[in-house]
Amino acid sequence: VRAMTSEGVHLWEFEAKGSFDGTPRVAGDVVYIGSNNGFLYALELMTGRLRWKYDTQEEVGTQPVVAEGLVLVSTLADTLFAIDAKTGEWRWHHRREVPGGFTIRGAASAALADGVVYACYSDGHVASLNAKDGSVRWDRRVAPAGQFMDIDSTPQVAGERLFVGAFSGAVYALDRGTGNIQWEFKSPGTARLKLAPSLLIAVSADRVLGLQPGDGSVLWSAPLKGSPAGEPMVVNNAALV
């Protein structure tokens, strides 16, 4: 991990025995980042000094989420860890068994809203968890049956709805309280979602869709060549994929 000023001046560098596949998260004066060596690190923003590290013993592959005193990070082995943001102590974890056969390499970052954590897994399940202790509010499979049921995109929250996309072929709007499906849009290879005002962007293996969040109807569609990688962004009325 390397920190530089906007003028290109080197500030500090932190080296770990593993690569950093997930994007770092800055919260206050701390940088949180996970490595495929299994460790989640907390580094001082201005100096790069290690404050703490936590060993998940699994490859960490997502950008951490920092809220309500927790650092939430998902691993490539389908485990969501909740770590104390100040001390680096384990608070709770939620795990689903990795399905047999092949899965897509990657994992979905968690989402947190109103004291509830939403996590997605490679077996097509979505779980709603209490942020305080990790207890399960609901846990259900939503992905269509298929070879790759992975939900590797960060779930998107808006009001009482939760939006998720499954690679095996659909985008869903779920009721946050129950997990019940409110609408479904068939879209093979869905890999990334991004919610913007009055627009839900869905990125699949061959196209980018603009969906109406209210009912899942298609507002626009554009072809895409290549494999979806990072999360989409919306800047100045433009979707960047």
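A contact here means heavy atoms within 4.5 Å. The exercises below concern a predicted model.

**Exercise 1.** Determine what share of the contacts between residues at least 6 apart in sequence joins residues at least 24 apart in the protein chain.

*Solution.* Begin with the contacts in the protein chain whose residues are at least 6 apart in sequence. Of these, 39% join residues at least 24 apart.

**Exercise 2.** Relate the secondary structure of the protein chain to its radius of gyration.

*Solution.* The protein chain holds 24 strands and zero helices. Its radius of gyration is 18 Å, close to the 18 Å that the globule rule gives for 241 residues, so the chain is as compact as a globular protein of that length. The C-alpha trace spans about 50 × 40 × 35 Å along its principal axes, and 46% of the 241 residues count as buried.

**Exercise 3.** Locate the salt bridge between R2 and E13 and classify the exposure of R2.

*Solution.* The two side chains meet at 2.7 Å, N to O. R2 belongs to strand 1 (residues 2–4) and E13 to strand 2 (residues 10–13), so the pair ties together parts 11 residues apart in sequence. Exposed means over 50% relative accessible area; R2, at 56%, is therefore exposed. E13 has 46% and is partly exposed.

**Exercise 4.** Carry out the analysis for E58 and R95.

*Solution.* Their salt bridge has an N to O distance of 3.1 Å. E58 lies in the loop between strand 6 (50–55) and strand 7 (65–67), and R95 in strand 10 (residues 90–95), so parts 37 residues apart in sequence are tied together. E58 is buried at 16% relative accessible area, while R95 is partly exposed at 39%.

Methods: Residues numbered from 1 in each chain as written. Predicted model: local features only at pLDDT ≥ 70, side-chain atom pairs only at ≥ 80, totals over all residues. Heavy atoms only, no water. Helix = DSSP H or I, 4+ residues; strand = E, 2+ residues; numbered from the N terminus. Rg over C-alpha atoms; globule rule 2.2 N^0.38 Å. Buried < 20%, exposed > 50% of the residue type's maximum accessible area, 1.4 Å probe, protein only. Salt bridge = Lys/Arg side-chain N within 4 Å of Asp/Glu carboxyl O.
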